[in-house]
Protein chains: 2
Amino acid sequence: MLTVSTYRRYTDRMCPVASRRTKRKPADRYHHGDLRRALLEEALRTIQTRGVEHLTLRTVGSRLGVSRTALYRHFSDKQALLAAVGLEGFRTLRLALSAARDRTEDSRAGFDAMGAAYVRFAVTHSSHYRVMFGRFVESSARDAGFVAEATAAFEVLVGSVVEQQRAGFVRLDDPQLLARFIWSIVHGIAMLAIDGQLGCVDEQGEALNRYAIERIRTAIAVSQGDVPHDIDDAASQVGDLPGGGPGSRNR
Amino acid sequence: MLTVSTYRRYTDRMCPVASRRTKRKPADRYHHGDLRRALLEEALRTIQTRGVEHLTLRTVGSRLGVSRTALYRHFSDKQALLAAVGLEGFRTLRLALSAARDRTEDSRAGFDAMGAAYVRFAVTHSSHYRVMFGRFVESSARDAGFVAEATAAFEVLVGSVVEQQRAGFVRLDDPQLLARFIWSIVHGIAMLAIDGQLGCVDEQGEALNRYAIERIRTAIAVSQGDVPHDIDDAASQVGDLPGGGPGSRNR
DNA sequence: TCTTGATGTCAACAGCGTCAACATTCGTGA
DNA sequence: TCACGAATGTTGACGCTGTTGACATCAAGA
């Protein structure tokens with residue numbers, strides 16, 4: 001299992017946004033250079049250090065040595081900025097999941113590692129995670145890119161479920177439904193941990209996470225009399241289901 | 001299984017806050033009479049109809065025919081008002097869970113019904129649910145009452161787990177851990193449904209919920225070679241674990 | 001009747017997101 | 001090289017928000 005320090009180094013590599021220092025606009029310059037990028041990075045930094053609810057456009061601007069309304073040249077409004085942050089979050093999550101899965105040759109262990117990596121991502125990037133899921137980004141601001149990135153992250157999970165089914169490790173239920181079930185569990189643990197409902201995040205959260213992975217294995221194991229579901233058919237449909245994937249706009 | 005209409009009637013009975021009309025202060029009167037209660041009800045109504053983020057103290061005040069600052073005589077600030085709303089939510093949730101469990105003589109069916117009732121509560125009172133869990137109530141505003149009410153709701157689940165263990169339906173793991181595991185699942189489903197990540201809430205959410213309850217049964221069933229845990233000991237400790245329960249302040 | 005505490009009002013404040021008008025700079029074709 | 005339009009950043013203003021301190025009103029007990 002990964003240690004915390006390994007993961008830190010790993011996330012720094014996957015998510016340079018949080019580690020690199022965003023540059024201020026030189027006082028003698030009128031244009032910033034790459035303000036859009038800088039705004040995104042500064043917003044993420046503020047969110048990670050102070051929380052979404054304390055993010056103000058004025059502060060972000062002044063931190064970059066730029067006026068409070070400069071942002072409107074790059075984002076339609078605050079919601080759009082948050083949506084962009086959330087989009088980046090889903091991308092980082094997807095990379096983290098894929099990396100955790102591919103780190104070992106053993107597909108079974110890789111699958112379990114994904115579960116651990118998911119919760120660890122959420123806890124490590126808790127504020128970021130809340131932007132992705134906490135309805136801070138209103139439905140109207142969730143554009144095609146946002147939905148696509150969220151769906152892509154979910155697809156990694158569905159793909160792995162199908163893989164596990166092919167290998168005979170997982171019962172042959174609808175992969176979509178199975179994936180949603182597993183997703184609900186890790187998402188639930190992550191949210192409870194983030195919201196401080198599990199007491200000490202590190203200890204209780206870790207213990208619960210380990211236990212959950214063990215229980216999930218039992219829950220999704222192949223049972224006798226298993227009615228096979230058409231895996232290939234379902235796997236190919238991932239993403240283009242009419243409103244089934246994550247980031248969906250209807251509620 | 002309960003129909004939606006049955007549940008509506010049920011919640012109206014359990015949660016009069018949402019159904020009764022809050023009375024305005026008569027224009028010729030200086031004092032309102034029971035402003036605290038009215039503020040709570042009006043805040044909840046606004047939250048349920050317009051969402052937490054659209055709750056403003058000014059609107060609440062003017063709706064009750066009262067000045068915008070009258071609120072400060074009953075709540076220290078907006079956070080305290082939200083905390084009070086959240087507290088009421090946990091109480092309602094606890095009653096809903098107990099009622100769902102006790103509606104049938106069959107303890108196994110009752111246990112499953114709790115899971116369904118949990119998600120249904122969250123979806124039906126989605127905005128209320130988000131106040132309870134979404135960190136809209138900051139840690140500092142979570143007073144003893146809030147934590148106690150949240151813990152009490154969790155205790156219902158733990159108690160039922162122990163009951164199921166005694167009846168031989170559930171494996172003899174630590175009831176606390178088992179309860180947290182189950183809680184994570186229903187909480188995860190609820191949050192994903194509420195946040196619109198499951199597409200159509202009613203259809204996909206219902207289907208996922210049914211599937212989850214079935215899978216949970218497999219996950220927590222007694223297995224051969226089950227190492228018994230001291231149930232009675234763990235059950236008596238519920239609630240006074242140092243920071244283990246829900247609503248805990250540390251993060 | 002007087003006093004005291006509880007409750008509600010009023011005016012003001014700073015901070016917020018957003019907009020319209022304006023300033024500066026960049027890129028590009030003549 | 002130069003002019004011109006597009007892109008980018010600034011300024012001032014607006015209405016909204018939560019919160020505060022000084023003041024007004026009322027109920028209840030001494």
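Analyst: The residue to begin with is A:Arg135, which sits in the loop between α7 and α8 (144-166) of chain A. The model is a predicted one, and the values below are computed from it.

The phi angle of A:Arg135 is near 60°, a positive value in a residue that is not glycine. Most residues other than glycine have a negative phi. A:Arg135 is also a buried residue, because 20 other C-beta atoms lie within 10 Å, and 20 or more is the count required for that class.

B:Arg135 is placed in the loop between α7 (126-133) and α8 of chain B. Its phi is likewise positive, at about 60°, although B:Arg135 is not a glycine. With 20 other C-beta atoms within 10 Å, B:Arg135 is therefore buried.

Two packed helices are described by the angle between their axes and the distance between the axes. For helix α5 (residues 78-102) of chain A and helix α7 (residues 126-133) of chain A, the angle is about 110° and the axes are 8 Å apart. The two helices α5(A) and α7(A) are therefore roughly perpendicular to each other, since angles of 65 to 115 degrees are counted in that way. In passing α7(A), α5(A) makes a left-handed crossing. On the α5(A) side, the contact is formed by A:Leu82, A:Val85, A:Gly86, A:Gly89 and A:Phe90, and on the α7(A) side by A:His128, A:Tyr129, A:Val131 and A:Met132. By class, the contact of α5(A) with α7(A) comprises six nonpolar residues, three polar and no charged.

Helix α5 of chain A also holds A:Ala80. This residue is partly exposed, because 17 other C-beta atoms lie within 10 Å. Apart from its neighbours within four places in sequence, A:Ala80 is in contact with A:Phe75 and A:Ala141. Between A:Ala80 and A:Thr49 there are 20 Å in space, C-alpha to C-alpha, and 31 residues in sequence.

The axes of helix α5 (residues 78-102) of chain B and helix α8 (residues 144-166) of chain B come within 8 Å and cross at roughly 15°. As a result, α5(B) and α8(B) are roughly parallel to each other, the limit for this description being an angle under 35 degrees. The crossing of α5(B) past α8(B) is left-handed. Residues from α5(B) in this contact include B:Leu87, B:Phe90, B:Arg94 and B:Leu97, while those from α8(B) include B:Phe146, B:Glu149, B:Ala153 and B:Val156. The contact of α5(B) with α8(B) has ten nonpolar, four polar and four charged residues.

Among contacts in chain A between residues at least 6 apart in sequence, 70% join residues at least 24 apart.

Finally, DNA strand C is surrounded by 19 residues, the closest being A:Tyr30, A:Asp77, B:His32, B:Ser67 and B:Thr69. Helix α4 (residues 57-63) of chain A contributes the most to this surface, with three residues. By class, the surface near DNA strand C has six nonpolar, eight polar and five charged residues.

Note on methods: Residues are numbered from 1 along each chain as its sequence is written. Chains are lettered from A and ligands numbered from 1 in the order in which they are written. This is a predicted model: local features need pLDDT of at least 70, side-chain atom pairs count only at pLDDT 80 or more; totals for chains, interfaces and linings use all residues. Axes are lines fitted to C-alpha atoms, for helices over the stretch in contact, and angles run from 0 to 180 degrees between N-to-C directions. Helices (H or I, at least four residues) and strands (E, at least two) are DSSP runs, numbered from the N terminus. Angles under 35 degrees count as roughly parallel, over 145 as roughly antiparallel, 65 to 115 as roughly perpendicular and the rest as oblique. A crossing is left-handed if the near helix is turned anticlockwise from the far one by less than a right angle, and right-handed if clockwise. Two residues are in contact if their C-beta atoms, placed from the backbone, lie within 7 Å. Ala, Val, Leu, Ile, Met, Phe, Trp, Tyr, Cys and Pro count as nonpolar, Asp, Glu, Lys and Arg as charged, and the others, Gly among them, as polar. A residue is near a molecule or strand if its C-beta atom, placed from the backbone, lies within 6 Å of it. A residue is buried if 20 or more other C-beta atoms lie within 10 Å of its own, exposed if 12 or fewer, and partly exposed in between; C-beta atoms are placed from the backbone.
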